[in-house]
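User: Hey, can you walk me through how the two chains in this model meet?
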Protein chains: 2
Amino acid sequence: MVRLPKYLHASEDKLWLTEDERDNLKISYRIKSILFQETTPLQHVMVLDSVDFGPMLVLDGVVQTTSMDGHIYNEMIAHVPLTLHPHPRKVLIIGGGDCGAAKEVAKYDTVERIDLVEIDEAVVRASKLYMPEVSGKLSDPRVAYHYTDGVAFAKKVKGEYDVIIVDSSDPVGPAQQLFEPGFYKSLHTALNEGGLMVCQSQSPIFHQDVMLQTYQRIGEVFPYRNVYTAVVPTYPGGLWSFTIGSKQPLTEPERIRFSHKARYANEEVLRQCFALPAFIRELLEK
Amino acid sequence: MVRLPKYLHASEDKLWLTEDERDNLKISYRIKSILFQETTPLQHVMVLDSVDFGPMLVLDGVVQTTSMDGHIYNEMIAHVPLTLHPHPRKVLIIGGGDCGAAKEVAKYDTVERIDLVEIDEAVVRASKLYMPEVSGKLSDPRVAYHYTDGVAFAKKVKGEYDVIIVDSSDPVGPAQQLFEPGFYKSLHTALNEGGLMVCQSQSPIFHQDVMLQTYQRIGEVFPYRNVYTAVVPTYPGGLWSFTIGSKQPLTEPERIRFSHKARYANEEVLRQCFALPAFIRELLEK
């Protein structure tokens, strides 16, 4: 008898992954096969081939990104800051081990260097091998990989980056420090004078406290800030928020230009993602 | 021993509704209590009080709308056509038994009459009693209820309406005919010369065929058409599409005016919901 990896279970002769991090909502994905499985010193890493979403990256039993919709998140966390910055040259990505954000950043010819700081090497390896739709099997010579703690990495840098992208997982466990005020201060220091940062700031529906706290904390460190949203079908609530902190006034949305090839992002979407639904606007303006 | 209604099951001392209409993705909602249950000649109707989404309307085991997010769908299916029309007086709603779309339409002082054609009276009754967040316990004297088949109702009308809203369930079973070419022709006839219609046209991610077919069929009947999207957290994929067919050229999005109180919709959102992600734009322009 083959022993199933933890987090998976069989039912009606089918293999399932059930996410039950939330006590009151369970989502079960039917799985075709296990493409990758490794217990690293940090976490349990899997790539599971699912029927509905294709290969999915799963950390400690929680779906992080899928081949079907991972590009939406990655395009929106990368192209918004990259088009807001007039001439992005040096980019730091903290987290982002699925390589999807780096793949999008690499579309910009102005970019000379991309530092990708992912704490777990296995995530990068698994994504490159088994999630080509997301990672694009990234092999750009401008990307430097740093398998280390993003907080410590950011602390050592001064005035270096044009854009910093914080592509973190949820604010529990190791990722929690990526939502702390001290971290945003490090990012401010790590950016050069024209620099700006973006981070994912969770669901405006299910995690309003995190979104609001992120907005406030970034406002304490950066003189300019803004929030935008995108749809991420496999994240709870579908709607996802991103928060920007900037040292310079932000480009007006209608002046954003975008001509790269992408699957979700286009010039219209990049301009209009700043149109916030009434309840989010109210929440932020309280 | 109390017998559970079908579609519900107990596990770990908790009560759950599991949607398994899709073979490869199951969503389980933890339920606090059963607020309403009735087997009508047409379907099995429940209102279940869920932990995460509050009271939910469930037809034949499938979640239709929830107290937490129902307003998003209802605001977007109502306010887009109502703000596109320069002077909406007579409005027909086909489906929409949860009363949420009618509640939004009733915000317009120009509107003199709202014909709500819902095939199942129990849905209206259950929503008014147990889904006040969605239905607003609608009791506007301008609303006339017609508990009858929407297709037959529309066929009998000529040149009557300014706006028709088709708030249907998924295109299976009785709702299937609300996606047929003949039905759009009836709507065209039922509208007056300045009239326009809107229908929900399913998920741009999971039901691309339905969305595309709706766009094409509406294009065969109406000289002007457009597509917009909104986020509906409890629908599969989160992102939802709506298609408009109009006898007159549509108001430019930047000329849309909106000053009603709403929770999701505001002037910015109503203008910018027409910014379609690249993959949808490509699909429609094929």
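User: Which residue in β3(B) is the bridge partner of A:Y29?
Analyst: A:Y29 has B:L25 as its bridge partner in β3(B). Strands here are DSSP runs of E, at least two residues long, numbered from the N terminus. This is a predicted model, where local features need pLDDT of at least 70, side-chain atom pairs count only at pLDDT 80 or more, and totals for chains, interfaces and linings use all residues. Residues are numbered from 1 along each chain as its sequence is written, chains are lettered from A and ligands numbered from 1 in the order in which they are written, and side-chain values use heavy atoms, leaving out hydrogens and water.

User: In what sense do β3(A) and β3 of chain B pair?
Analyst: Antiparallel, over five bridges. Strands pair if DSSP finds at least two bridges between them.

User: OK, how many residues of each chain are in contact?
Analyst: On chain A 36 residues, and on chain B 37. Contact means heavy atoms within 4.5 Å.

User: And how much area do the chains bury between them?
Analyst: About 3200 Å², with 59% of it on carbon and sulfur atoms. Buried area is the accessible area (1.4 Å probe) that two parts lose on being put together, summed over both.

User: New topic: how many salt bridges between chain A and chain B?
Analyst: Two. One of them joins A:R281 and B:E268, with the closest N and O atoms 3.7 Å apart. A salt bridge needs a side-chain nitrogen of Lys or Arg within 4 Å of a carboxyl oxygen of Asp or Glu.

Conventions:
Helix = DSSP H or I, 4+ residues; strand = E, 2+ residues; numbered from the N terminus.
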